[in-house]
Amino acid sequence: MSSSVENRPPETRHRKDQGPDMRRILYRETHSSRAAMATAAAVLVIVLAAYGVLEAGVHAVGQPAWLIEPQVAAQRIVDLPAGMPSLLLAAIGAVLAMLGLIFLLNGILPGRRARHRLLGTEGEGLPAVVVDDEVIASSLARRARLAANVTPEQVMVVVSQRTVLVNIRPTSGIPVNQDLVLAAVRDELDQMLLDPDPEVRVNVTSSGVIGA
């Protein structure tokens, strides 16, 4: 029994043990944490529950309420919108609806960060690499600038999870080959092996800039 354990390659055991952890790390690096919103929701519920228990306890011992009697509060809620200005009621409703929408979207949306994973680093023994979209945009802008033969100020690249948008302002009198720029940016992306692989769109403005 001991000899079989000793003869087992230690690197294989290490990779098997660390595989799920690496996937979890990659997920945390490419997705935003929900801890802040979950903590805020939990604190809000705890505060409201503590206040309700406090008011109920004060009422049970016959002491005056700190803010409002529980029965009075419940009755006022039932009687809404009576006894409250319509403008104030609309403002409170809008704030509550906005907070609810924020919590809902935070719960159902994937919450991806502005980052991509490089698939080319998944080989045996290679570490996983996550790159910020700003770094990717800078590299693509340089490649697009060389293909379009323009200055850095004339190229702007926006990278999202599924799309790369290349905006180019050509020099007046010098046309830009849009297909050549598209092929150059696509070639750069193919070398990066991003996950997810974004679609490239090139937009050449009709108005150019005066060359130096």
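This short talk walks through helix α6 and the parts of the structure around it.

First, the ground rules. This is a predicted model, where local features need pLDDT of at least 70, side-chain atom pairs count only at pLDDT 80 or more, and totals for chains, interfaces and linings use all residues. Residues are numbered from 1 along each chain as its sequence is written, and side-chain values use heavy atoms, leaving out hydrogens and water.

Start with α6. Helices (H or I, at least four residues) and strands (E, at least two) are DSSP runs, numbered from the N terminus. Helix α6 covers residues 133-148, 16 residues in total. From first C-alpha to last it reaches 22 Å, close to the 22 Å expected at 1.5 Å a residue. That expected span is 1.5 Å times one less than the number of residues.

Which residues of α6 are buried? They are D133, I136, A137, L140, A141, A144 and A148. Buried means under 20% relative accessible area, exposed over 50%, partly exposed in between, with a 1.4 Å probe and protein chains only. These residues cover an arc of only 135 degrees around the axis, which puts them on the same side of α6. The arc is taken from the directions from the helix axis to the C-beta atoms. In general, an α-helix has 3.6 residues a turn, so residues three or four places apart point the same way.

What covers that side? The cover includes β1 (115-118), β2 (130-132), β3 (155-159), β4 (163-168), α7 (178-192) and β5 (194-195).

Now the core. A nonpolar core is a set of buried Ala, Val, Leu, Ile, Met, Phe, Trp, Tyr and Cys residues joined through side-chain atoms within 4.5 Å. The largest one has 23 residues, and L140, V157, V164, V166, I168 and V185 touch the most other members. Elements giving two or more residues are α6, β3, β4, α7 and β6 (199-204). The largest share, six residues, comes from α6.

Next, the backbone exceptions. Most residues other than glycine have a negative phi, and most peptide bonds are trans. N149, in the loop between α6 and β3, has a positive phi near 60 degrees. N149 is exposed, with a relative accessible area of 62%. L193, in the loop between α7 and β5, has a positive phi near 55 degrees. L193 is partly exposed, at 42%. Finally, a cis peptide bond joins D195 and P196, with omega about 0 degrees. P196 sits in the loop between β5 and β6.

How values were computed. Contact means heavy atoms within 4.5 Å.
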